[in-house]
Amino acid sequence: MKKKNDALILGAALFSMFFGAGNLIFPPFLGLLAGQKWNWSMFGFFITGIGLPLLGIIASAKAGGDVDKLGRRVSPLFSKFLGITVVLAIGPLLAIPRTGATAFEIGVLPLMPNGNPIIFSIIYFGITLLLVIKPNDVIDKIGKILTPALLILLTLIIVKGIFDPMGIPVPEDFARPFSEGFISGYQTMDALASILFGGIITTSLIQSGYNDEKEQMKMTKKAGLIAVLALTLVYGGLGYLGATGGSLFSKDIEKVDLIINIANNSLESFGKIGLGIAVSLACLTTTIGLTATVGQYFNKISNGKLKYETIVIGTTIFSALMSIRGVESIIVFSEPILVFMYPVVIVMILLTMILGKEFNKNIYKHAIYATLIVSTLELLNRFEIWKITNIVEHLPLASWGLAWLIPAIIGAVIGQFLPNKTDIQVN
């Protein structure tokens, strides 16, 4: 049944999907580094951390609500590559371990400085496995309470920090605030997740009575504006608070320590304890959701040969081992991987938004392959496997973190003028 407040309900759902508790550590640190240029850094962060995930939801819906269908616009092989790499990134390789480590460092260490990360990891991922191996609606109910509670707490911290700031943003030697913010937005991994979640939104709309595709797009855009506004206020507020701490905190402070100090400064011990509890529980619900997603995806693409239970057991064990490394170590490890993956996902999303259902498949192929070449060179360089810094740095827009953009455009143009025998229409 259609209701007047459907857009608001869907907007809240979108907000919850992208409002990852583990993402809250990035805006304050970005603001701290940027100082007076915090607004430019946050603008870059908003593009990749907020705007791109929304476009990803829409693009996924346009492609049929399935990451496999989205990837097939390039080729079946690329479709598998895209799906597997995205699920591994938002799963056991990066997002799940970081979420567990964040829960420990924000929820446990401030209260128990001598807390053991190994013991915590065993307990945390043991609970995760217990709730994932036999799914039920308990964790969904908890999540619906936690997100508003965490949002209210963060609102209090931000409002207090604005009206009674720790200090004022100071000039910083931050040469490329926009590009640093743009790349920092990769760490949210929300754009990667968005191409998996498009089908969820479409299904929800159909269940609410929105069967016409134009109606679905209209509702998704309305809900998206609500989610974007809420995320912008939260991330922007945290970015500003980080900027006001420029004269108080060292630039080498760990990201988790910074947000704990901000909470403590705004609401004293209540802020630190409240944030720790809320973030830890929110991280747990996120971990459970992502673990289930990994299990369902690999069970599906293997046609049931890989059992759901086996996959989630392996995912929790691997994630538990990875999380012991700590938040900062996981972030350092994830950066080159995300710098490799994100340009490919961005190009896929933008091409799908621009070309819609009818297109020349060669446009996708050549744009994606050109992007993959640049991203691979960047990945090899960052891991110091092959020093090719000069090649990447001399590409147009490299200083903005967009070295892949012009090659992608050239690839798309070349694809446009190739024979049209591969033109297809996606139903």
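Predicted model: local features only at pLDDT ≥ 70, side-chain atom pairs only at ≥ 80, totals over all residues.

Residues are numbered from 1 along each chain as its sequence is written, and side-chain values use heavy atoms, with hydrogens and water left out.

**Exercise 1.** Determine how α2 and α12 are oriented to each other, and classify the residues of their contact.

*Solution.* 
Step 1. Two packed helices are described by the angle between their axes and the distance between the axes.
Step 2. Helices are DSSP runs (H or I, at least four residues), numbered from the N terminus. Axes are lines fitted to C-alpha atoms over the stretch in contact, and angles run from 0 to 180 degrees between N-to-C directions.
Step 3. Helix α2 (residues 26-34) packs against helix α12 (residues 255-301) at about 90°, and their axes are 9 Å apart.
Step 4. Angles of 65 to 115 degrees count as roughly perpendicular; α2 and α12 are therefore roughly perpendicular to each other.
Step 5. Contact means heavy atoms within 4.5 Å. On the α2 side are Phe26, Pro28, Phe29 and Leu32, which meet Lys255, Leu258, Ile259 and Ile262 in α12.
Step 6. Ala, Val, Leu, Ile, Met, Phe, Trp, Tyr, Cys and Pro count as nonpolar, Asp, Glu, Lys and Arg as charged, and the others, Gly among them, as polar. The contact of α2 with α12 thus comprises seven nonpolar, no polar and one charged residue.

**Exercise 2.** Describe the largest nonpolar core and the surroundings of Leu275.

*Solution.* 
Step 1. A nonpolar core is a set of buried (under 20% relative accessible area, 1.4 Å probe, protein chains only) Ala, Val, Leu, Ile, Met, Phe, Trp, Tyr and Cys residues joined through side-chain atoms within 4.5 Å.
Step 2. The largest such core has 124 residues, and those with the most contacts inside it are Leu24, Leu150, Leu192 and Leu275. Its largest share, 18 residues, comes from α12.
Step 3. Beyond its neighbours within four places in sequence, Leu275 is in contact with residues including Ile106, Leu150, Ile259 and Phe270.

**Exercise 3.** Locate Asn303 and state its phi.

*Solution.* 
Step 1. Asn303 lies in the loop between α12 and α13 (308-323).
Step 2. Its phi is near 55°, a positive value in a residue other than glycine.
Step 3. Asn303 counts as exposed (over 50%) because its relative accessibility is 69%.

Terms used:
Helix = DSSP H or I, 4+ residues; strand = E, 2+ residues; numbered from the N terminus. Parallel < 35°, antiparallel > 145°, perpendicular 65-115°, else oblique.
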